Amino acid sequence: RRVWFLVIGLMLFFWILPTMRRFCYLSLVWTPALLWRSPGTVVFGLQWSGPVFIKLGQWLSTRRDIIPSDICDAMGELHEHVPASGAKRDVRHAVTQIPQLELGSLMGGGCVAQVYHGKFQGQEVAVKVRRSGIMKRLEMDLKLLHKAAWIIEHLRPQLRWMALNEALENFAFYMKQQVNLSQEAVYMKRFDANFKARKNIIVPQIYAHTESVLVMEVAAGDSLSNFIKQNHSKEKRLEVHGVLTDMMAKMALQDGFLHGDLHPGNLFIQLQGAQQKPLVTLIDTGISIQMTKQLRDFTKEAMGAAFRKDAFKLGSAVVRLHEKENLTNYAENVEQLKDDMGNLLLAGCFMVGEEIWSKRFATFEDYNGTKVSQYFDFLMSDLSSHKIRVAPDLWSIMTAFALIEGSISELGFGVNVLGSCVPYLMNHFNPLDWIRRKQTLAESDKNSEAAGRK
C-alpha cells in the first residue's frame with residue numbers, strides 16, 4: 001500500500017510540477033508589469049512569456065475599449081517584431097517529416113513557426129516549421145489563463161458580463177488553427193481558388209505539408225513594410241492601394257472568407273512587366289475567418305441601412321446581431337445605444353455632414369482625422385459601456401479589417417469602405433436603393449474633396 005501511495009504521489013508531483021514551474025516563471029516575468037503597468041513592462045512580459053502570450057498580445061492589441069491605447073500601440077508592434085532563432089531540433093524534425101527536403105538559413109519567424117530557405121526536389125522553396133513543444137505549451141498556458149479568468153470574475157463580479165473564459169475559448173480556437181500547418185495549407189488553397197480569376201493577387205504554391213511542416217513557393221517581391229519605404233510614385237502606390245481595397249471587399253462580401261492576420265509583413269508586393277503592374281502575394285494564412293451566414297446577413301443589412309443613411313436601423317442591426325448570440329443579458333439603455341452606434345458607423349462609412357458627425361465628434365478636425373480602425377475601437381467601447389460583450393465573430397472580422405486598413409493606410413491614402421464594397425453589393429438593392437446609393441457616395445466624395453481627403 002505504501003508503494004502505491006508513493007507511486008501515485010510521484011505521478012501527481014511530476015504532473016503538477018511543470019504547471020507549477022510555469023506558474024512561478026510567469027509570476028516572476030509579470031511582476032514588473034503588475035508593479036508599474038507601463039507599455040514597456042507589458043510587452044516585456046508578453047515577449048518573455050513565450051509564443052502563446054505574444055499571440056495573445058497581438059490579439060488584444062485591438063481592444064482599446066478595455067485596454068489603454070498606449071499599451072495597445074505597444075502590443076501592436078508584436079505583429080512584426082517577434083524574436084526569431086533557428087533550432088537544430090526543428091531542422092532535424094522537418095527533414096525527417098518531408099523526404100528530399102533540405103533546409104538552409106533562417107528567413108524569419110513568428111509566434112508559432114520559423115521560416116527557412118530550403119530546397120525540395122531541386123527547386124528553391126520556403127519551409128515553415130512549427131516551433132518544438134508549442135502544442136504542450138499552448139495547452140498549459142491556456143489552462144493557466146482560464147484559471148486567471150476564473151479568479152478575476154470571482155474577485156470582480158462586475159466584470160462577468162465580459163465572459164472572459166468564453167473570450168479565451170475564441171482565442172484558443174484561432175490559436176489551434178494556426179499551429180496546424182496542414183490547416184494553413186487548406187486555407188492557402190482556398191484563397192488561391194477564390195482569387196484564381198484575379199491576375200493581381202496570388203498565393204504561394206504548396207509542394208508538401210504535414211501538421212508541423214509546410215513547404216511552399218518563395219513569395220516574390222517585397223513585404224508591404226519594405227515597399228512603403230521605397231521611392232515609388234504616388235500613382236504606383238495608388239494602384240497597390242486599389243488592389244488591396246478591392247481584395248478586402250471581395251473577401252468580406254463575395255467570399256465570406258477573410259485572411260485574419262494581414263499586417264504589412266504578410267503582404268508581398270511585386271511590380272511586373274514594362275508597365276510595372278502590382279502583384280500582391282498573401283502569406284501566413286494560418287488565422288483565417290469563415291464568416292457565418294448570420295454575420296454575412298448582418299453585413300448586408302447594415303450596409304443597406306448605411307447607404308440609406310438610416311442611423312437607427314444601422315445601430316439596430318448591430319444590437320440584433322448580439323441579441324441573437326445571447327450577448328445582451330446585462331445590457332443597459334439599448335435604445336440610446338442603437339442611435340449612438342448608428343451615427344458613429346455612418347460617420348465612419350462616409351464623409352457626412354455636420355448634422356451627423358457632430359453627434360459623435362467635438363470638432364471637424366477630430367472627425368476628419370479618425371481612421372477606420374479607430375471607429376472599430378469606438379464601436380467596441382460603445383458596446384462595452386452598455387455591458388454588451390462584443391460578438392466574437394464580429395470582433396474577429398473587425399480585427400482583420402483593422403489590420404488590413406492599417407496596412408493599406410501605410411500607402412498614404414484613406415480607405416473608402418463603402419466605395420470599395422459597391423461592386424459586390426449591386427445585386428442586393430432595388431432601383432430606388434441604387435439611386436440612393438449613388439447619391440450617398442457622390443455626397444461623400446464631395447465632402448471628402450472639401451475636406452482635402454481626395
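Me: How do helix H2 and helix H3 pack, and at what angle?
Reply: In this predicted model, helix H2 (residues 39–49) and helix H3 (residues 51–60) pack at an angle of about 140 degrees, and their axes are 5 Å apart.

Me: What do you call that kind of arrangement of H2 and H3?
Reply: H2 and H3 are oblique to each other. Angles over 145 degrees would count as roughly antiparallel, and this pair is at about 140 degrees.

Me: Which residues make the contact?
Reply: From H2 there are Leu46, Gln47 and Ser49, and from H3 there are Phe53, Ile54 and Gly57.

Me: Moving on to H4. Which of the residues of helix H4 are buried?
Reply: Helix H4 covers residues 69–76, and its buried residues are Ile71, Cys72, Ala74 and Met75.

Me: Where do those buried residues fall, seen down the axis of H4?
Reply: They fall within an arc of 165 degrees, so they line one face of the helix.

Me: What do the buried residues of H4 pack against?
Reply: They pack against H2 and H3, the pair we began with.

Me: Let's zoom out. How many helices and strands does the chain have?
Reply: There are 19 helices and eleven strands. The chain has 454 residues, and 49% of them are buried.

Me: What about contacts in the chain between residues at least 6 apart in sequence?
Reply: Of those contacts, 67% join residues at least 24 apart.

Me: And what does the accessible surface of the chain come to?
Reply: It comes to about 22,500 Å², and 56% of that belongs to carbon and sulfur atoms.

Me: New topic: where is Gln178 found?
Reply: Gln178 is in helix H7, which spans residues 164–179.

Me: Is Gln178 buried or exposed?
Reply: Gln178 has a relative accessible area of 6%. Buried means under 20%, so Gln178 is buried.

Me: What is Gln178 in contact with, leaving aside neighbours within four places in sequence?
Reply: Its contacts are Lys55, Val112, Asp261, Asp284, Gly286 and Ile287.

Me: Okay, now the backbone. What can you tell me about the phi of Arg37?
Reply: Arg37 is not a glycine, yet its phi is positive, at about 50 degrees. Most residues other than glycine have a negative phi.

Me: Where does Arg37 sit?
Reply: Arg37 is in the loop between helix H1 (2–36) and H2. With 64% relative accessibility, Arg37 counts as exposed.

Me: And what about the phi of Asn326?
Reply: Asn326 has a positive phi too, of about 55 degrees, and is not a glycine. Asn326 lies in the loop between helix H12 (311–324) and helix H13 (334–349). Its relative accessibility is 57%, so Asn326 counts as exposed.

Me: How many residues apart in sequence are Gln97 and Ala208?
Reply: They are 111 residues apart in sequence, and 10.0 Å apart in space from C-alpha to C-alpha.

Me: Which residues is Gln97 in contact with, leaving aside its neighbours within four places in sequence?
Reply: Those are Thr210, Ser212 and Val213.

Conventions
Residues are numbered from 1 along each chain as its sequence is written. This is a predicted model: local features need pLDDT of at least 70, side-chain atom pairs count only at pLDDT 80 or more; totals for chains, interfaces and linings use all residues. Side-chain values use heavy atoms; hydrogens and water are left out. Axes are lines fitted to C-alpha atoms, for helices over the stretch in contact, and angles run from 0 to 180 degrees between N-to-C directions. Helices (H or I, at least four residues) and strands (E, at least two) are DSSP runs, numbered from the N terminus. Angles under 35 degrees count as roughly parallel, over 145 as roughly antiparallel, 65 to 115 as roughly perpendicular and the rest as oblique. Contact means heavy atoms within 4.5 Å. Buried means under 20% relative accessible area, exposed over 50%, partly exposed in between (1.4 Å probe, protein chains only). The arc is that of the directions from the helix axis to the C-beta atoms. Accessible areas come from the Shrake-Rupley method with a 1.4 Å probe; for residues, only the protein chains shown count as cover.
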